[in-house]
Amino acid sequence: MSIFLDKNTKIIVQGITGSEGSYHTGRMLAYGSNIVGGVTPGKGGRKSEHGLPVFDTVRDAVDATGATHTCIFVPPPFAADALFEAHDAGITFAVCITEGVPVHDVLRVVAATPNMRIIGPNCPGLISPGKSSIGIMPGHVFKEGNVGLISRSGTLTYEVVDLLTRAGFGQSTCVGIGGDPIIGTTFVDCLREFANDRQTEAVVVCGEIGGSDEEDAAAFIKAHMPQMPIVSFIGGRNAPPGKSLGHAGAIISGKFGTPQSKIEAFEAAGVPVADRPSQIPQLLAQRMPARV
Amino acid sequence: MNLMEYQGKELFRRAGIPIPRSRHVTTADEAADFVAQNPGEWVVKAQVLMGGRGKAGKIKFATDAQSARTAASEIMATPMPPNRQNPNGEPINSLLLEEKLPIALEAYCAIAIDRTTKKPVVMVSKYGGMDIEEVAEEHPESIAKAFVDVAGGYWPFIGRELSFKADLDPGYRKALPGVIGGLYDLFFRYGAKLVEINPLALTQDGRVIASDAKVELDDDALYKNPEFKQWQTVLPLDEDETLATQAGLGIRNFRRFGGNVGTMANGAGLAMGTMDAVKNAGGSFANFLDVGGGANAERVRNCYELVMNHTGAKVFFINIFGGITRCDEVAKGIVEALRTTASRKVPLVIRLTGTNEDEGRRILADAGMTPVETMDEGAAEAVKLAGAAA
C-alpha cells in the first residue's frame, strides 16, 4: 500500500484544457496515473488533447467516471470555487496546485468541506512512486520503496527525493503539502496515515521556517510514532526574521517559527535533524538498512 | 500589504469601531491650518509602516497652529531611522493629526489567522501599548484567545468571555464585544491577515477608542477590493522589493544579504536551501532569489543582472531542479543571458537536474559550460571561487 493514492485511484483534472492543466495531465498520464477525464466549463462533450473526456461540471465528471480524486489547475480567484464544487460532487480527495489563493478563501473551504481531504493549495501534489502521481512532481527522480516523505516545498522535495533515490531509499508516498499559511493537510495528517501504512517503514519530514506545523509534527511523533525511524530537515535556517522568502508561510515573526524552536522540538521527540539535505540518507541509514 | 495607521482607521470607521477625531495631512502648512481652525490638544503622528515611532521622536503634540507647524516640520524633516528589520528606514510623507485622548488604561486587541486550528483567532490582553511579542514574553498568561468558527462567525459572547478571561478593567466590558465585532467584520470583509488595535484606550471619561490601527491585507485577495490598489501606491516597497518587481519577479522572490556568493534557484524552498548550502560550505550568500517556474532567457538575464548590479557577488551559483521548470529552457536562458548581458561577468557555477536535464546539460556543454552534479558540490565550488576572487 501507499497513502492517499494508488494505481487504481480514479482522478479528474479541473482546468484540463488550460496550458498548465493540459501539460501536466500529459505528464501524469505518462507516469501511469489513472486520469479518467477533466472539467472545463463550456467545453463539455469534447475530448482533451490527450483523448480524455471533458465535462462541464465536476458532478458530470464524477457521475460518468466514478472519480474520487481531483487535481485543480485553475487561476487563484477560482480555486475555492473549484474546491467547493468538487466537494459538492462527492470528490473525497482534492489536490490544489494553484498558488496565490486568498487565505480567507482557504479558511472557508477547509471549514466547510469535512468529507474531502485537501492537499495544498500552492503545492506540487503527491506521488506514490511506481503507481500514480497527482500534481506536478517530476516522476523520474522517484523510486518505489518504503520511505514516506512530507514536505512544505516543491523543488526542495525533488532535491531530497533525488538524494534518497540515489542512496537506495525508494519511497512509498511523497506529499508536498504546500507553502501557504493555511493548508488542507498538515504534517500531522500525513504522519497519521504513514503510521498506519504497511508499506511505509520510515518517514522524512522536510519542514521550513514559519508557523508551528513542525512542532506539532514532533509532538505527534513523540506521542504516537516512537518506533518509526523518522528524519527531519528544516529549510531556511539562515533566513532573517520578519521577511518572508518566497513562501508566504515561511516567515519568522518574533520567537514564532524560528528554526531553533523546530530543531529543539524534533530532537526532543528523538528525531534527528539533518544539517543539509545530503545528510538525510545517512541519518536514515543509521536507523534502517538501505534496500537497493 | 500593510496599511498605514490612517488607512487602517478609515477601515475602522467604516466598521463602526470608535476612533479619535482626526485629519490626515501631507504638509506642515496643512497641519497648522487644521489646528488653527480646530483649537484643542492634538497629537501629530508620522504615517509609516515601521514601528517605534514614539521612541524615534515621530509622535509629537500641538496646541496651536505654531506648535503644529513646528511638530510637523520636525517630524517630516528626517526619515524614520533604520532598525534591524528595516535597514533602509522609511520616508515620512504624511501625518495624522488626532485629538489627544485623556487615556486612563491601554489594552490590546487583535484578530489573526491561526495556522494550527485553521481559524481566525481573537486575542485580548490588558497589557496594551507594548509590542504583542513582548507581552507574550513577559505576561503570556495575560493573552486571552478565542478561536472563531468560520461558518458561525463572530458573536458578542466571544467578546464578553474574552473581557473576563483577560481580566480587563470593567470599563471596557460594555464596548469590547462591539469593537471586536467591527474588527471581525473588516477582517472578513477585506480579507485581512491581521487586524490589531494597540492600544485600545479607555479614557478617563469612560470611552473605549482605538488609539492605533494595524491592518495587514492579503495580497492575494487585493483583486476583490480594487480600491486598495490606489492605497498601495502610497506604501513604499523596500529597495529589494522594488528591484524584484523591476526584474519581473514577485516582491517576495528577492532579498539581498551581505555575502559574496550570488544565488539563484527555482522554488522558494530550494532557494532557501541554496543559501543554507552556501553557509554550510563556509561561505556567505549575497542574496535569496527564487526565479520561479518557466525560467526563460529574459527571466534568467534579468535575474543575473539583478544580482550582478545590486549585490557584491563574486560568483553566481545557479541551482535548478526541474519540475515544472524544464532544464533545457533554463540552459538556453543561461547561455542567451550571458551572451546578451551588459553586466559585469563573474564565474558561474551551475547545477541543473530534473526534467529534460540531459538536453539542458548538452546545451551548456555546447556553450563551454560544465554543470556540477550536486547542490553541496556546487556550493563548495562557488565558495571556493568567491574566495579566490576576493
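I began with chain A and found 9 helices and 13 strands; helices are DSSP runs of H or I with at least four residues, strands are runs of E with at least two, and both are numbered from the N terminus. This is a predicted model, in which local features need pLDDT of at least 70, side-chain atom pairs count only at pLDDT 80 or more, and totals for chains, interfaces and linings use all residues. Residues are numbered from 1 along each chain as its sequence is written, while chains are lettered from A and ligands numbered from 1 in the order in which they are written.

I next looked up the dimensions of chain A. The C-alpha trace spans about 55 × 45 × 30 Å along its principal axes.

I then checked burial. Of the 292 residues of chain A, 59% count as buried (20 or more other C-beta atoms, placed from the backbone, lie within 10 Å of the residue's own).

I turned to where chains A and B meet. The contact takes 51 residues from chain A and 43 residues from chain B (two residues are in contact if their C-beta atoms, placed from the backbone, lie within 7 Å). On the side of chain B that touches chain A, α9 (268-280), β14 (315-322), β15 (348-354) and α13 (375-389) each supply at least two residues. The largest share of that side, 11 residues, comes from α9(B).

Finally, I noted the confidence values. Chain B averages a pLDDT of 91, and 97% of its residues score at least 70 (pLDDT is the predictor's confidence in each residue, from 0 to 100). The predictor gives the complex an ipTM of 0.86 and a pTM of 0.89.

How values were computed: Buried ≥ 20, exposed ≤ 12 C-beta atoms within 10 Å, placed from the backbone.
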